[in-house]
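This report describes a protein chain for a reader who works with computed structures. The sequence and the model are shown first.

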Amino acid sequence: MGEQHVSEQANEEQLQAFMRALLDDVEALERLLQEDRIESGVRRIGAEQEMFLVDRALRPAPLALEVLERAADDRLTTELARFNLEANLSPLPFGGDCLRRLEAELSDVVGRAAEAARAVGADVLLAGILPTLRAGDLRLESLTPAPRYHELNRALRELRQGDFRVSIHGLDELEMTHDNILLESCNTSFQVHLQVGAREFAPLYNLAQAVTAPVLAAAVNSPLLLGQRLWQETRIALFESSVDTRPTAREGRQHKPRVHFGDGWVQDGALELFREDIARFRVIMTAETGEPPLSVLARGEVPDLKALRVHNGTVYRWNRPCYGVAGGVAHLRIESRALPAGPTVLDEVANAAFFFGLMSGLAEGHPRIDLEMPFEDAKANFFAAARHGLKAQLTWTGGRSFPAPELILSHLLPAARGGLAAAGVDAADIDRYLGVVEERVRRGQTGAQWALGSLASMAGQGTSELQCRALAAAMLARQQEEARSGGAGRPVHTWEPAALEADRDLLRDSYRTVGQFMSTDLFTVRPTDIVDFAASVMDWRHVRHVPVEDDQGRLVGVVSHRALLRLVARGAPAAPNGPAPPTVASIMRTDPVTITPETPTLEAMRIMREQRVGCLPVVAGERLVGIVTERDLLDVSATLLEAFLREA
């Protein structure tokens, strides 16, 4: 107890020291702004690329540290999960061939990561959410083994006071709780940066808030999460849930989530946002901050404001203010975080070109977007774009409402072209990148629509696992085609639907564990239900086994067709005024043999033979997550045998 008290006291002292440093950084930033020492009159762009590592089966490959060691590239770094990487690209002057150079560096760094990954049996895939992700991939052992990630997980769970809860409704529904922050690692993005001056920060930040929705509507690429079809850009809903630190009891008290769009237009500039985030969100990460910033200022130098930057990195505005120092000069940036990774490098740079073009092209014509549009419209547009993509209805200036394609094609793409031209961007590059956006919108095929259309074309073929892997395989193949062609690959609007692979080895990899093919659309009964109800469910659903759950969703038994026959043979009471009808509890097996999603398929087959059971409930902890029956294993065997004989 004594040691624990000392540790907690030291931690509290550390937090207090960091908060003092954070307040000093805010004072120093205020001085920099008052003395006009923030770089102005300069436009630079930059980007961060997040990516997935996948194995031969297109499943998450937790090999980030091995890949980084082989790649030996300072631009590459770790991310939250061992199956993620991040690349930080060089800042570029906004103009001339900047977009072409951005694409070239992006292709280079992704190519270097992919080369290193292939050396350890993996590959790099660009996707907003990896289609083949499963809940089992999000266990704590997948967390990157670095102190800051473990501390982040501890601190966020402590603030949350329990598990994280996700509730997303789209074509399908996802309701789940999770005991760590690795749900965040399901998201990978292509974050773009625009350097702006201090005096123009507020109007340009507000403009970024307004244009993010139409840019996102054209860029959506993440319709699937854990096999469920949710939003067109599910990352938006998932990220807001995955690091929501508000305890359930406080959610009704207007506490704001750490991931948020904002609640109003900015009036006074970047300092307003930094102050708000410090006042609203508790410090969860600390760091050594070095020399006090006011002492650095007194020498005529520029402080790095490390405490401010560390705290800012734990508050996830979709458009985030950033402070930085380059060449001894302080600057401010707007970081746009809403765009997804993939599905090709060309598509990503096209999305960035659209954003940068709008920021440049609308700034003069709409110097005070906050006076032309209610903030509520900008916020509603953002979530409408995330939910519906190009099918969203967006409200623009003057209260006019447009279908997203009409607003983009008729109003915003011309403005973006003008903005890029005014910035001096090469005309051929304007045509190339904005041409990609234009054709994508005209054809209505975003990355999200391609994925959903592919799933529709595969309906009735194979398992959900195979279909999701076919999506990932098609994405990887076309990204590799782009890499081999030196950037001359095909953007997503030209892709044909993904198709199921017939390769024997690929099929085999898709059935190695029961979690890859188990039935998850379950019909269950409760112990207190009457037996007639269980019998009816079996008859209606043409099944021979029904799991029994309690009110908390815990598996407590299984009712089999054989148990019903035994009851009938004994003569079940049926008189309306006779004894109470038998309940499920009276005939269920209370100690069913269970397996987990990670149980090897061959092991499940062995258990069924030795235990002489016709079904195996699949549990995660005490929760029922699926079921495997004799029929499922027969279907697996038939599929693999057919593939084997076809190639023999």
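**Overall architecture**

The model is predicted. Its secondary structure comes to 22 helices and 20 strands. The radius of gyration is 28 Å, close to the 26 Å that the globule rule gives for 648 residues, so the chain is as compact as a globular protein of that length. Along the principal axes, the C-alpha atoms fill a box of roughly 90 × 65 × 55 Å. Of the 648 residues, 54% are buried. The accessible area of the chain is about 28100 Å², and carbon and sulfur atoms supply 50% of that area. Among contacts between residues at least 6 apart in sequence, 73% join residues at least 24 apart.

Helix α3 covers residues 98-118, a run of 21 residues. The distance from its first C-alpha to its last is 30 Å, close to the 30 Å expected at 1.5 Å a residue. The buried residues of α3 include Leu 99, Leu 102, Leu 106, Val 109 and Val 110, and the charged residues Glu 103 and Glu 105 also belong to this buried set.

Helix α16 (residues 464-484) likewise has 21 residues and reaches 30 Å, close to the 30 Å expected for it. This helix is mostly covered, with 15 of its 21 residues buried. Gly 486 follows α16 and has a positive phi, near 70°.

In helix α5 (residues 201-219) lies Ala 202, which counts as buried because its relative accessible area is 9%, under the 20% limit. Leaving aside residues up to four places away in sequence, Ala 202 touches Val 266, Gln 267 and Gly 269. The C-alpha atom of Ala 202 is 9.8 Å from that of Leu 273, although 71 residues separate the two along the chain.

**Salt bridges**

The structure holds 49 salt bridges.

| Glu 103 | Arg 432 | 2.9 Å |

The side chains of Glu 103 and Arg 432 meet in a salt bridge. This pair links distant parts of the chain, with Glu 103 in helix α3 and Arg 432 in helix α14 (residues 427-443), 329 residues apart. Glu 103 is buried at 7% relative accessibility, whereas Arg 432 is partly exposed at 33%.

Arg 631 and Asp 635 are 4 residues apart in helix α22 (residues 630-647), so about one helical turn separates them. Arg 631 is exposed at 57% relative accessible area, and Asp 635 is partly exposed at 35%. Elsewhere, salt bridges that share partners join Asp 73, Arg 75, Glu 105, Asp 108 and Arg 112 into one network.

**Backbone features**

Most residues other than glycine have a negative phi, and most peptide bonds are trans. Against that background, what is the value of omega for the peptide bond that joins Gly 342 and Pro 343? Omega is about 0°, and the bond is cis. Pro 343 is placed in the loop between β14 (329-336) and α10 (345-361).

Two residues other than glycine with a positive phi may be described together. Asp 36 has a phi near 55° and is found in the loop between α1 (2-34) and β1 (44-54). Leu 305 has a phi near 50° and lies in the loop between α8 (293-298) and α9 (306-312). As to accessibility, Asp 36 is partly exposed at 45%, while Leu 305 is buried at 1%.

**A nonpolar surface patch**

Ile 530, Phe 533 and Trp 540 form a nonpolar patch on the surface, and together they have about 320 Å² of accessible area. Trp 540 lies in helix α18 (residues 531-541). Is Trp 540 buried or exposed? Trp 540 counts as exposed because its relative accessible area is 57%, over the 50% limit.

Definitions and conventions: Residues numbered from 1 in each chain as written. Predicted model: local features only at pLDDT ≥ 70, side-chain atom pairs only at ≥ 80, totals over all residues. Heavy atoms only, no water. Patch = residues over 30% accessible without salt bridge, like charges linked within 9 Å, V, L, I, M, F, W, Y side chains within 5 Å. Areas by Shrake-Rupley, 256 points an atom, 1.4 Å probe, with all protein chains shown as cover. Salt bridge = Lys/Arg side-chain N within 4 Å of Asp/Glu carboxyl O. Buried < 20%, exposed > 50% of the residue type's maximum accessible area, 1.4 Å probe, protein only. Expected span 1.5 Å × (residues − 1). Rg over C-alpha atoms; globule rule 2.2 N^0.38 Å. Contact = heavy atoms within 4.5 Å.
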